[in-house]
Amino acid sequence: MARKRFTKSKQQLTPDARYNSELVSKFINCLMWDGKKSTAASVFYGAMDILEQQIKDQPPLDVFETAVRNVKPNVEVRSKRVGGSNYQVPMQVNRRRQQSLAIRWILTAVRDARRKAGKPTASILAQELAAAYRGEGAAVTTRTNVHRMADANKAFAHFAW
């Protein structure tokens, strides 16, 4: 029987100060560069303040959680070698990987837009979260492409064991 691989990061993760949410704390940790956590936190909270002004009917934490939920993938393709050939096999994604992929895709979209636009990161993050909340944006497009790839390769689903 295989052992489950867990890291201490889940046990050591403490909820953030403003929203008391572990998801927010995880997002801030992933947003952080070079150990500058206070800078990452100020960028995130600035984006939440912008979201609060843009979307008045929902609290910003609900907008953020819905945006992450809209980006989470259900299936992904993994490469599997069978009989000398590599197949892209669609597989279910577990909950922890769904969350980490969603966070990674949102931050990749923000960083790509930051290189092009030259605007403050907080405003670009707020735009991307608002777009993901509505089911649009670059991160949701990435999710759609992953689902489309899995659907195109569902003929190889019998190789998933």
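Rings of Phe, Tyr and Trp, the last represented by its six-membered ring, are taken to pair if their centres lie within 6.5 Å. In the predicted model described here, ring pairs defined in this way link Y19, F27, F44, Y45 and F64 into a cluster.

A search of the whole structure returns five aromatic pairs. One of them is formed by F27 and F44, with a centre-to-centre distance of 5.5 Å and an angle of 50° between the planes, and is classed as tilted. F27 belongs to helix α2 (residues 22–31) and F44 to helix α3 (residues 37–54), so this pair ties together parts that are 17 residues apart in sequence. F27 has a relative accessibility of 0% and counts as buried. F44 likewise counts as buried, at 0% relative accessibility. F44 also forms an aromatic pair with F64; here the centres are 5.2 Å apart and the planes make an angle of 80°, an edge-to-face arrangement. This second pair links distant parts of the chain, as F44 is in helix α3 and F64 is in helix α4 (residues 60–71), 20 residues apart. F64 is buried because its relative accessible area is 0%, and buried means under 20%.

The protein chain contains seven helices and two strands. Read from the N terminus, the order of elements is α-α-α-α-β-β-α-α-α. Along the principal axes, the C-alpha atoms fill a box of roughly 55 × 35 × 30 Å. The chain has 161 residues, of which 37% count as buried. For contacts between residues at least 6 apart in sequence, 61% join residues at least 24 apart. The accessible surface of the chain is about 10200 Å², and carbon and sulfur atoms account for 50% of this area. Charged side chains number 28 positive and 13 negative, with the centres of the two sets 10 Å apart.

Q99 is located in helix α5 (residues 95–117). Its relative accessible area is 26%, and Q99 is therefore partly exposed. Apart from residues up to four places away in sequence, Q99 touches L23, K26 and K72. N153 is found in the segment after α7 (138–152). With a relative accessible area of 13%, N153 is buried. When neighbours within four places in sequence are set aside, N153 is in contact with V77, Q88 and P90.

Methods: Residues numbered from 1 in each chain as written. Predicted model: local features only at pLDDT ≥ 70, side-chain atom pairs only at ≥ 80, totals over all residues. Heavy atoms only, no water. Helix = DSSP H or I, 4+ residues; strand = E, 2+ residues; numbered from the N terminus. Buried < 20%, exposed > 50% of the residue type's maximum accessible area, 1.4 Å probe, protein only. Contact = heavy atoms within 4.5 Å. Areas by Shrake-Rupley, 256 points an atom, 1.4 Å probe, with all protein chains shown as cover. Lys, Arg positive; Asp, Glu negative; His and termini not counted. Charge placed at Lys NZ, Arg CZ, Asp CG, Glu CD. Phe/Tyr/Trp six-rings, centres within 6.5 Å; stacked < 30°, edge-to-face > 60°.
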